[in-house]
Amino acid sequence: MSKIKIKKLSVSYGNHQVLNEVSLDIPERQIIAVIGPSGCGKTTLLKSMNRLLDLNEDVAVSGDIAIDGENIYRPDIDVNALRKRVGFLPQRPYPLPMSIFDNVAFGPKIHGLDVSSLSVVSNKEREGKGNKGTQRLVEHYLRLAGLWEEVKDRLNAPAAKLSIGQQQRLALARVLSIEPEIILADEPTSALDPISAKLVETQFKILKENYTIIFVTHILRQARRLADYIIFLYMGDLIEHGPAVRFFGEPCDEKTKAYISGEIS
Amino acid sequence: MKKRKLEENIFKALMIISLLGVFAALAGIIMVVAVKGLSSLNLSMIIETPKGGYYLGKEGGIANAIVGSLYLMAGATTLAFIISLPVALALQKEYLSKRFADFTRLVLDILWGTPSIVYGVFGFVIMVYLGMRASLLGGIVVLTLLMVPIMVRAMDEAIRLVPFEMKEMAYALGTTRVETTFAVVLKQAMPGIVTAVILAFGRGIGDAASILFTAGYTDDIPTSLLDPVASLPLAVFFQIGTPVPEVQARAYAAALILLVIVIVINIIARILGWRFARHIVR
């Protein structure tokens, strides 16, 4: 079942063409790796899927992207609702300037997400007064991101005080808190130490049960370790895409072979 | 190697001398004002308005100018803040194109560089046209005009320092521009915004020329926005110009009071700034 269908997607910044007529289908509930050399358009492809590209100046997008059959570049689409469905994890985690607790509670608050929609919240907590529900919600997502144990005693501390590895998992909790269907991750481990990177990778493997995870990486070994499906871009062109086993086992394209063997990077 | 070391030392010396210059300036000003003014600074100076013959050295105080300055600044700072914050926020790239934002900055910088006497004359011309007398209201409006450019530009610099990636994070969660502005940008820029208010306050409270014609001067404490109002800078200006030594000393006392107000406000703002800085991301 394909979750996302991309048709003839071209993106340019001013006169600089970054993606050339990329067309592909992305499967559901898998980990998808977007690989390729620096400057090949990986991040651009990623940011086109939640329309974060819109924030750039002089960006031109043509072609279309459909998520569950709905074209997200339709003029009347609610971009904020789209971004709630398609979460984004940045390369360098910027905590929001608020407490650890509020970093996680912020997303659900703006989207008016009801705690009662969470299956982990018990009936009693649902009826409970005040913040009880939100507390449960924050705990739930911090656990899901593998951060709860480390921060449970200092939820009101500034998020900026966390280590960068913790900040990235906080960013993950923040993404999860808006209940997206798809998680986009832009080199999510590149700024992290090896231990934190491993923690994030482990969370990804757990999360793919329920989410479609698309991540950009320039580390081939990481793509091999994590991905079920590979998308290989080179200079803005889609060279090859397919299940990871086939991609690494029997690559079709010469460029893919060269990239896998490390001849081009 | 020797040359590089020498270079380093020359530069270090230069920095130390300049730093000392800055501290010496403030210390010198406080000393001169204190030495010349302390003798005539007493309680009645602060709580009384000028009595008959005050300007010849008889009884009374400058409560009219102290209260007047506080009234003027309370009004002008509030008004300037209400105007400046939306302008500064609008200069972000989500709202205005870079071209138009830069043009706005140019306009503000020119306004900033305009001498305050020009603001005073401008305000006076408008007031004459409207048939208004010199008044608290007139003074507040002209001081607001004087303060807005510096307040906006200082806020703008603070807001521009908010990393774009941080805003991007908020937008990626599906926030609107307003939500991003209030939950992220204002929180992160808050210490800078406090500083902006203080900078503008400092310019406003010390300015004499802009309120000379627009606020006027009076020995009474105003009871309405349309009454004329005294102010500390003008109290200094008028008293220092009299031939009576006692009155001249009172000018220094007025200057001392003005300085103390500025120092106190700065300290309060610093404390507020620290409080707001708790959650900011460095």
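Two strands pair if DSSP finds at least two bridges between them. Helices (H or I, at least four residues) and strands (E, at least two) are DSSP runs, numbered from the N terminus.

This is a predicted model, in which local features need pLDDT of at least 70, side-chain atom pairs count only at pLDDT 80 or more, and totals for chains, interfaces and linings use all residues. Residues are numbered from 1 along each chain as its sequence is written, while chains are lettered from A and ligands numbered from 1 in the order in which they are written.

**Exercise 1. State the strand order of the four-stranded open sheet in chain A, and find its edges.**

Solution. 
- Step 1: the order is β2-β1-β4-β5 in chain A, with antiparallel pairing.
- Step 2: β2 (16-27) and β5 (70-71) of chain A each have a single partner strand, so they stand at the edges and one side of each lacks a neighbour in the sheet.
- Step 3: β5(A) pairs with β4 (residues 59-67) of chain A in the antiparallel sense over two bridges. E70(A) in β5(A) is the bridge partner of I67(A).

**Exercise 2. Describe the hairpin formed by β9(A) and β10(A).**

Solution. 
- Step 1: β9 (residues 229-234) and β10 (residues 237-243) of chain A pair in the antiparallel sense over six bridges.
- Step 2: one bridge joins L233(A) to L238(A), the latter in β10(A).
- Step 3: two residues lie between the strands, and M235(A) in the turn has a positive phi of about 50°.

**Exercise 3. Which residues of α5(B) are buried, and which are exposed?**

Solution. 
- Step 1: helix α5 of chain B covers residues 116-130, 15 residues in total.
- Step 2: a residue is buried if 20 or more other C-beta atoms lie within 10 Å of its own, exposed if 12 or fewer, and partly exposed in between, with C-beta atoms placed from the backbone. By this criterion S116(B), Y119(B), G120(B) and G123(B) in α5(B) are buried.
- Step 3: these residues cover an arc of only 100° around the axis (from the directions of their C-beta atoms), so they lie on the same side of α5(B).
- Step 4: V125(B), V128(B) and Y129(B), on the other side of α5(B), are exposed.
- Step 5: the cover over the buried residues includes α6 (136-160) and α9 (209-212) of chain B.
- Step 6: G131(B) follows α5(B) and has a positive phi, near 75°.

**Exercise 4. How many residues does each chain give to the contact between chains A and B?**

Solution. 
- Step 1: two residues are in contact if their C-beta atoms, placed from the backbone, lie within 7 Å. Chain A gives 25 residues and chain B gives 23 residues.
- Step 2: on the side of chain A that touches chain B, α2 (79-85) and α3 (100-110) of chain A each supply at least two residues. α2(A) gives the most, with four residues.
- Step 3: the predictor gives the complex an ipTM of 0.89 and a pTM of 0.88.

Note on methods:
The expected span of a helix is 1.5 Å times one less than its number of residues.
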